[in-house]
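Please keep the sequence and the model open while you read.

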Amino acid sequence: MTECVFCTLPAEVNLVENDLVRAFYDKYPVSEGHVLIVPKNHASSFFDATAEEMASVGELLKRVKELLDERFHPDGYNIGANIGSTAGQTVFHWHIHVIPRYNGDIGTVRWHT
């Protein structure tokens with residue numbers, strides 16, 4: 001494995017964390033407040049997550065939403081994961097995107113007709 005950008009991030013970037021996962025702002029945000037929730041244990045795919053990691057993601061997701069609601073006051077959220085290069089995954093350490101949405105924004109993760 002080549003060096004993983006998520007595995008080498010310093011703890012100082014963390015917004016919140018628990019024993020198994022950490023959350024920090026995305027370096028290339030889709031919108032203001034875009035956060036990634038990343039397991040501390042390196043695994044490529046969301047489907048490789050343990051039950052404990054999934055529960056920890058759920059716990060942190062609620063904490064991240066509270067933090068983003070307080071700081072940015074978004075009107076909604078996109079929450080998702082890209083799994084595999086065909087689906088747009090570019091960092092092969094699985095992670096969940098928490099993307100605040102604002103009235104009038106045009107998101108890159110939605111289709112507009």
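Is histidine 97 buried or exposed? Histidine 97 is buried, because its relative accessible area is 14% (buried means under 20% relative accessible area, exposed over 50% and partly exposed in between, with a 1.4 Å probe and protein chains only). This is a predicted model, where local features need pLDDT of at least 70, side-chain atom pairs count only at pLDDT 80 or more, and totals for chains, interfaces and linings use all residues. Residues are numbered from 1 along each chain as its sequence is written, and side-chain values use heavy atoms, leaving out hydrogens and water.

**Histidine 97**
- Histidine 97 sits in strand β5 (strands are DSSP runs of E, at least two residues, and helices are runs of H or I, at least four, numbered from the N terminus).
- The side chains of histidine 97 and histidine 95 make a polar contact at 3.4 Å.
- A polar contact is a pair of N or O atoms within 3.5 Å; within protein, one must be able to donate a hydrogen and the other to accept it, and residues adjacent in sequence count only if both atoms are side-chain atoms.

**Histidine 95**
- An unreviewed UniProt entry places the feature "active site" at His95; positions follow the numbering used here, feature names are shortened, and annotations may be inferred rather than shown by experiment.
- Histidine 95 lies in the loop between β4 (76–80) and β5 (96–101).
- Histidine 95 is buried, at 9% relative accessible area.
- The side chain of histidine 95 reaches the backbone oxygen of histidine 93 at 2.8 Å.
- Not counting residues up to four places away in sequence, histidine 95 touches Phe6, Leu36, Ile37, Val38, Gly80 and Ala81.

**Aromatic pairs**
- Rings of Phe, Tyr and Trp (its six-membered ring) pair if their centres lie within 6.5 Å; planes under 30 degrees apart count as stacked, over 60 as edge-to-face and the rest as tilted.
- The count by this rule is four aromatic pairs.
- Phenylalanine 6 and phenylalanine 24 have ring centres 5.7 Å apart and planes at 65°, so they pair edge-to-face.
- Phenylalanine 6 and phenylalanine 24 are both buried.
- Phenylalanine 46 and phenylalanine 47 are also edge-to-face, because their planes stand at 85°, with centres 5.6 Å apart.
- Phenylalanine 46 is partly exposed at 25% relative accessibility, while phenylalanine 47 is exposed at 66%.
- Ring pairs join Phe46, Phe47 and Trp94 in a cluster.

Methods
Contact means heavy atoms within 4.5 Å.
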